[in-house]
Amino acid sequence: MNTIKLWGLDMVFEGSNASKKRPYDLKGFTLLELMIVITIIAILATIAFPSYQESVKKSRRGAAQADLVELANFMERYFTENNSYVGATLPASISSDYYAYTVTAAPASPISTFILSASPSGSQSNDKCGTMTLNQLGLKTTTGIAGCWQ
């Protein structure tokens, strides 16, 4: 007989199995509990992983946009020194594993122009924004969906 004192009352339990635990009742998890946990983790992973991948692509895209703006500043400095964009080459200090940068400069017919482009490559190659461009007027375009420039 087991007796418990609760709020001044004696409660008596007869035939309690508390002291008769079997050895297999004291160990680990059941297979069903383990499968439920694995299923919950799988569901969360299928939701979270694509969101994480899109977030990584967005941050790489932002870095490429910042690089294009920095390259545009470089092109303007080049124009100041040479009175033309023709002959400008991209500095080696600006490079990316995820975007290929190119510059296209046209000589002054009425005005001298340039177009900087960042083409996605590697794991970024299927980016929804596609190739991003920036010209001497500050016009920003993409070959993918609209609204990619921040």
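**Close-up views of a predicted model**

Ser 84 sits in the loop between α1 (31-82) and β3 (99-106). Helices (H or I, at least four residues) and strands (E, at least two) are DSSP runs, numbered from the N terminus. This is a predicted model: local features need pLDDT of at least 70, side-chain atom pairs count only at pLDDT 80 or more, and totals for chains, interfaces and linings use all residues. Residues are numbered from 1 along each chain as its sequence is written, and side-chain values use heavy atoms, with hydrogens and water left out.

**View 1. Ser 84 in its loop.** Ser 84 counts as buried because its relative accessibility is 18%. Buried means under 20% relative accessible area, exposed over 50%, and partly exposed in between (1.4 Å probe, protein chains only). A polar atom of the Ser 84 side chain lies 3.0 Å from the backbone nitrogen of Val 86. Leaving aside neighbours within four places in sequence, Ser 84 is in contact (heavy atoms within 4.5 Å) with Tyr 78, Phe 79 and Ser 112.

**View 2. Helix α1 and its cover.** The 52 residues of α1 should span 76 Å at 1.5 Å a residue; the end C-alpha atoms are 74 Å apart, which agrees. The expected span is 1.5 Å times one less than the number of residues. At Ala 45, α1 bends by about 25°. That bend is the angle between axes fitted to the seven residues ending there and the seven starting there. Buried residues of α1 include Val 56, Lys 57, Arg 61, Leu 68, Leu 71, Met 75 and Tyr 78. Their cover includes β3, β4 and β5.

**View 3. Strands β3 and β4.** Eight bridges pair β3 with β4 in the antiparallel sense. Two strands pair if DSSP finds at least two bridges between them. Tyr 99 has Pro 120 in β4 as its bridge partner.

**View 4. Strand β5 beside β4.** β4 (residues 113-120) and β5 run antiparallel, joined by four bridges. Ala 118 has Met 132 in β5 as its bridge partner. Leu 116 stands opposite Leu 134 in β5. In a regular strand the side chains alternate between the two faces of the sheet. Both faces of β5 (residues 132-135) are covered. Met 132 and Leu 134 are buried on one side, Thr 133 and Asn 135 on the other.

**View 5. The β5-β6 hairpin.** Three bridges pair β5 with β6 (residues 140-142) in the antiparallel sense. Leu 134 stands opposite Lys 140 in β6. Four residues lie between the two strands of this hairpin. Gly 138, in the turn, has a positive phi of about 90°.

**View 6. The chain as a whole.** One helix and six strands make up the pattern β-β-α-β-β-β-β along the sequence. Of the 150 residues in the chain, 23% are buried. Among contacts between residues at least 6 apart in sequence, 37% join residues at least 24 apart. The chain exposes about 10,800 Å², of which carbon and sulfur atoms supply 61%. Accessible areas come from the Shrake-Rupley method with a 1.4 Å probe; for residues, only the protein chains shown count as cover.

How values were computed
A polar contact is a pair of N or O atoms within 3.5 Å; within protein, one must be able to donate a hydrogen and the other to accept it, and residues adjacent in sequence count only if both atoms are side-chain atoms.
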